[in-house]
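Please look through the structure shown here before reading the points. They are written for someone new to this kind of description.

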Amino acid sequence: MGVRRRPGAFVLKVNPILCDGFGHCHELAPELVTMDEWGYPIIKKELTPFENVGAYESARYAVRGCPRQALNIERVNEK
Amino acid sequence: MLGSQLPRLLHGTPGTPLTLAQHEAAFAPTNPRADLLTELEASGLTGRGGAAFPTARKARLLAEQRGHHKFVVVNAMEGEPASHKDQTLLSTNPHLVLDGAEMLASIIGASQVMVCVARDRPALVNYVKRALHERERKSRRSVKFELHTPPWRYVAGEESALVHWLDDNESLPQYRPQRPTILKLDRHPVLVDNAETCANVALIGRFGATWYRELGTEQSPGSALVSISGAVARPHVVEAALGTPIRSILVAAGAEAMPQAVLLGGYGGTWLSGQNLDVPYDNAFLSAYGASTGAGVMVVLGREGCGLVETTRVVKWMANESARQCGPCAFGLPALGEDLTELSFATASSPAAFSRLVERCGAIDGRGACRHPDGVVRFVRSALDVFGEDVKQHLRGAPCGAIRSQKRYATVPMLEREEELIWE
Amino acid sequence: MIALTSPYLWYITRATGFVALILFTLVVSLGMLVANRIGGTVVGRFEINELHRSVSVVALVFLVIHILTTLLDSFVATGWFSAIIPFASQYRRVYVAIGAVAFDLILAVWVSSLLKVRVKNATWRYIHWLSWLAFASAIAHAYLTGTDAKRGVGLAVVAACALTVLCTASWRYLARPTRAAGRTALSPLAAVRKPAATPNPLRPSISSRPGAGTGTNVSPPSSTPFPRSPSPRSKKKR
């Protein structure tokens with residue numbers, strides 16, 4: 001797949017206006033997303049390297065699974 | 001007063017705006033400068049709306065945008081209830097503000113200026129209408145002016161909310177993940193600047209950056225309008241050179257010389273303890289206390305007041321002013337208000353409320369689309385810091401007399417039913 | 001042009017029609033479960049969402065078979081375009097038209113969902129609401145067009161599907177989750193609670209009156225600190 005060879009890292013970002021607190025992101029990517037007491041996601045702010053394939057795949061599932069399309073993956077190139 | 005070269009902005013009598021003729025008699029007529037952007041950069045003017053972003057940098061960003069139709073928006077919404085500076089400025093000399101807007105329009109290449117004043121202030125709307133009418137008759141404009149009157153709300157003064165209102169008739173702040181983002185009004189780039197900033201631009205455009213820098217400090221040049229309320233005989237607006245010690249400003253305004261604390265910046269700002277009031281009114285110095293000049297607001301907390309009670313009232317009002325687009329703000333801010341109420345009343349559940357409060361502040365911070373929840377969290381944290389002794393008292397179950405006395409200092413606009421704050 | 005006159009085509013049409021109806025009932029019900037935030041403990045919420053998406057694919061497959069077998073069957077002259085253009089069929093014009101309307105709407109919902117990343121959220125939601133209309137048309141089409149649906153097991157199935165969706169819809173409305181009200185509520189079911197009263201800045205609460213703000217910097221119009229010509233000032237007052 002070539003994912004392991006990609007340099008840099010990513011961070012999951014949420015559009016708080018679109019987010020409606022469905023919670024699918026927390027179920028799909030628990031290592032990146034926790035829930036606050038009102039059902040809205042608290043997303044890890046630290047960068048996750050692409051080598052962490054499990055986390056990256058979880059992030060992609062979360063982006064695809066969000067009913068409001070509120071998530072996106074932001075790539076950060078550590079050059 | 002506060003500098004022999006003052007007043008610069010508040011030149012005239014508030015409530016009796018200068019006519020165009022008087023304005024042109026008092027100030028030199030505008031000679032369009034070709035190097036206006038360079039002068040602005042040299043002057044180091046920062047925005048007076050609250051964020052203190054360098055005005056020249058913003059203008060340059062807009063000037064570099066491609067597009068035939070650009071807009072300039074003069075933000076005189078003044079969403080802060082404790083702030084009256086823009087109203088005072090527009091009721092004293094609206095033409096200074098409009099001159100500045102015209103200059104900014106010429107810098108970025110805009111053909112239209114939209115002046116936004118809250119429709120709940122009919123007197124102000126009339127002043128601006130009259131001023132625009134006078135300019136129209138003079139017909140010396142290459143720029144078209146329009147007056148818009150959004151309804152007054154706290155977030156309506158936020159620049160993305162204002163542009164959204166002009167576009168879609170709803171004052172909803174927008175999500176801007178990358179800063180700086182160019183705001184778009186109907187797909188055209190738009191420059192939003194506070195009314196006081198525009199007035200400063202007008203002065204720099206006339207008299208140059210060197211003159212402008214004669215007042216103020218190296219990092220914060222010029223003068224600023226400050227709205228003082230709370231423990232004053234009469235709340236009003238003063239103009240002070242940046243860098244003046246805060247205590248001098250308070251004394252000049254007739255406020256209590258040794259107050260408990262002063263709320264700086266606005267309802268999303270920070271408290272400054274009464275012992276630290278000799279710090280210069282300058283962001284470079286205030287940042288050491290975690291404070292900033294913000295929207296030029298000082299609310300003075302008198303001796304008989306309780307900082308926690310004032311904070312609670314303000315937070316509950318700010319929670320109601322949320323646009324409710326984002327969960328953490330919509331649900332989190334009322335929760336903060338509830339916890340603060342429990343803390344203020346010094347009941348048995350106060351310690352639990354206090355720990356919940358601290359935890360929730362950490363959870364809400366930075367998770368909204370705009371900076372509204374961040375401001376409230378910063379405000380609450382500063383209250384817990386500055387009024388630490390009071391917090392300890394309240395936690396011990398010994399509230400101060402302020403709860404029972406009706407003395408209140410912060411102006412919190414009345415809700416129809418103060419208990420019915422939000423929702424389900 | 002393939003023109004088959006086998007009774008089996010007719011049987012397949014009717015059978016796949018019923019199966020498609022049942023599956024779409026399931027899809028609509030699952031969609032309502034997603035919207036009401038069901039799950040999170042035993043079943044994951046994302047699982048119900050995925051089920052909703054997958055079952056809709058299967059349902060569409062059966063629907064397509066239903067349509068193809070109808071078109072291929074020359075025993076009833078429906079014409080090739082009657083599937084997507086209402087009133088193009090000669091056979092039972094109105095009832096097949098209703099079916100065509102249902103199919104068009106389902107196609108719109110499906111395509112917009114496939115392109116969900118490209119489409120704006122509001123647009124996608126408005127199109128998705130058409131699925132209610134699509135389902136109603138499907139029920140009407142099944143009852144009116146079907147030779148089986150007017151009595152016996154066929155009627156029971158159609159009635160059961162309609163009843164299921166009605167009951168689930170009432171539950172969807174009654175058990176809807178609390179929403180942060182105040183913004184443009186896209187759903188008419190969201191309990192939009194406006195904040196209490198637009199505060200009047202000129203009407204203070206208990207504290208001192210703000211007034212319109214009267215400045216103390218009253219200077220007579222004649223004196224001005226402003227230079228008439230740009231000249232440097234020596235004094236710098238703090």
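This is a predicted model: local features need pLDDT of at least 70, side-chain atom pairs count only at pLDDT 80 or more; totals for chains, interfaces and linings use all residues.

1. Make-up of chain A. The secondary structure of chain A consists of two helices and five strands. Followed along the sequence, these elements come in the order β-α-β-β-β-α-β. A student can trace this pattern in the structure, one element after another.

2. Size of chain A. Along the principal axes, the C-alpha atoms of chain A occupy a box of roughly 35 × 20 × 20 Å.

3. Contact between chains C and A. On the chain C side, ten residues are in contact, and they meet ten residues of chain A. Which helix of chain C gives the most to this side? It is helix α2 (residues 45-72) of chain C, which supplies three residues. Sorted by class, the side of chain C that touches chain A holds three nonpolar, four polar and three charged residues.

4. A helix pair in chain C. Two packed helices are described by the angle between their axes and the distance between the axes. For helix α3 (residues 93-114) of chain C and helix α4 (residues 121-145) of chain C, the angle is about 155 degrees and the axes are 8 Å apart. Angles over 145 degrees count as roughly antiparallel, and therefore α3(C) is roughly antiparallel to α4(C). The crossing of α3(C) and α4(C) is left-handed. By class, 17 nonpolar and seven polar residues make up the contact of α3(C) with α4(C), with no charged residues.

5. Domains of chain B. The domain assignment divides chain B into domain 1 (20-212), domain 2 (223-301) and domain 3 (307-403). Taken over C-alpha atoms, the centres of domain 1 of chain B and domain 2 of chain B are separated by 25 Å.

6. Where domains 1 and 2 of chain B meet. Here twelve residues of domain 1 of chain B are in contact with 15 residues of domain 2 of chain B. On the domain 1 side, the largest share is three residues, from helix α4 (residues 85-92) of chain B. By class, this side of domain 1 of chain B has three nonpolar, five polar and four charged residues.

Key
Residues are numbered from 1 along each chain as its sequence is written. Chains are lettered from A and ligands numbered from 1 in the order in which they are written. Two residues are in contact if their C-beta atoms, placed from the backbone, lie within 7 Å. Helices (H or I, at least four residues) and strands (E, at least two) are DSSP runs, numbered from the N terminus. Ala, Val, Leu, Ile, Met, Phe, Trp, Tyr, Cys and Pro count as nonpolar, Asp, Glu, Lys and Arg as charged, and the others, Gly among them, as polar. Domain bounds come from an automatic or database domain assignment. Axes are lines fitted to C-alpha atoms, for helices over the stretch in contact, and angles run from 0 to 180 degrees between N-to-C directions. Angles under 35 degrees count as roughly parallel, over 145 as roughly antiparallel, 65 to 115 as roughly perpendicular and the rest as oblique. A crossing is left-handed if the near helix is turned anticlockwise from the far one by less than a right angle, and right-handed if clockwise.
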